[in-house]
Amino acid sequence: MIRTTIAEDAPALFNMLEQSGQFDAAGLEHVKTTLETHLAQNSQALWFTAFEEQPVGVAYCAPEPVSSGTWNLLMLWTRQDQHRKGYGSALVKQVEAALHERMARLLIVETSGLDDFAPARNFYERCGFRQEATVKNFFAEGDDKLIYTKPL
């Protein structure tokens with residue numbers, strides 16, 4: 001099941017992200033602050049939780065500043081033990097449905113060019129995203145940012 005993220009989801013989502021080992025302390029704090037601000041102020045951003053008795057995945061999408069109808073899927077994450085069960089695809093579909101209601105025209109997602117991120121890139125391509133650009137050495141020396149887009 002996919003639902004709009006609620007405050008009660010936050011501890012399990014933070015734990016999931018921390019356990020992944022993919023987020024440093026600053027990254028975890030940024031996610032926590034961003035979600036707490038969203039829940040307190042009802043921002044324009046979209047937060048969805050994949051839920052199966054407890055949160056097993058999360059999607060966070062926000063409008064791109066200084067653009068018309070462009071949104072960025074800033075985080076899409078599922079628990080390692082829940083991979084390949086359809087939660088990621090369901091989260092993307094929920095984001096796209098919400099963006100259609102908002103008359104959005106373009107969805108962006110960014111990821112790393114490192115070999116470890118090949119499964120993520122393959123996933124995005126299966127969801128209909130196409131690689132649009134590469135920013136060399138963005139995340140670190142030798143770690144390029146790959147930008148994917150999907151017209152809505």
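Residues are numbered from 1 along each chain as its sequence is written, and side-chain values use heavy atoms, with hydrogens and water left out. In this predicted model, local features need pLDDT of at least 70 and side-chain atom pairs count only at pLDDT 80 or more, whereas totals for chains, interfaces and linings use all residues. The mean pLDDT (the predictor's confidence in each residue, from 0 to 100) of the chain is 94, and 100% of its residues reach 70 or more. Confidence is lowest in helix H1 (residues 10-20), at a mean of 90. It is highest in strand E7 (residues 143-151), at 98. Helices (H or I, at least four residues) and strands (E, at least two) are DSSP runs, numbered from the N terminus.

Helix H1 has a buried side. Ala10, Leu13, Phe14, Met16 and Leu17 of H1 are buried. They span an arc of only 155° around the axis, which places them on the same side of H1. The arc is that of the directions from the helix axis to the C-beta atoms. Buried means under 20% relative accessible area, exposed over 50%, and partly exposed in between (1.4 Å probe, protein chains only). Exposed Pro11 and Gln19 sit on the face of H1 turned away from the buried side. The cover over the buried residues includes helix H2 (25-41) and strands E2 (46-51), E3 (55-63) and E4 (70-78). Gly21 follows H1 and has a positive phi, near 75°.

Five salt bridges are present. A salt bridge is a side-chain nitrogen of Lys or Arg within 4 Å of a carboxyl oxygen of Asp or Glu. Glu96 pairs with Lys150, with the closest N and O atoms 2.6 Å apart. This pair links distant parts of the chain, Glu96 in helix H3 and Lys150 in strand E7, 54 residues apart. Glu96 is buried at 13%, and Lys150 is buried at 16%. Glu110 and Lys145 form another salt bridge (3.2 Å, N to O). Glu110 lies in strand E5 (residues 106-112) and Lys145 in strand E7, so this pair ties together parts 35 residues apart in sequence. Glu110 is partly exposed at 32%, whereas Lys145 is buried at 10%. In the Asp144–Lys136 salt bridge, the closest N and O atoms are 3.5 Å apart. Asp144 is buried at 16%; Lys136 is exposed at 60%.

Ser89 lies in helix H3 (residues 87-101) and is partly exposed, at 28%. Its C-alpha atom is 9.1 Å from that of Arg126. Val135 lies in strand E6 (residues 130-140) and is partly exposed, at 33%.

How values were computed. Contact means heavy atoms within 4.5 Å.
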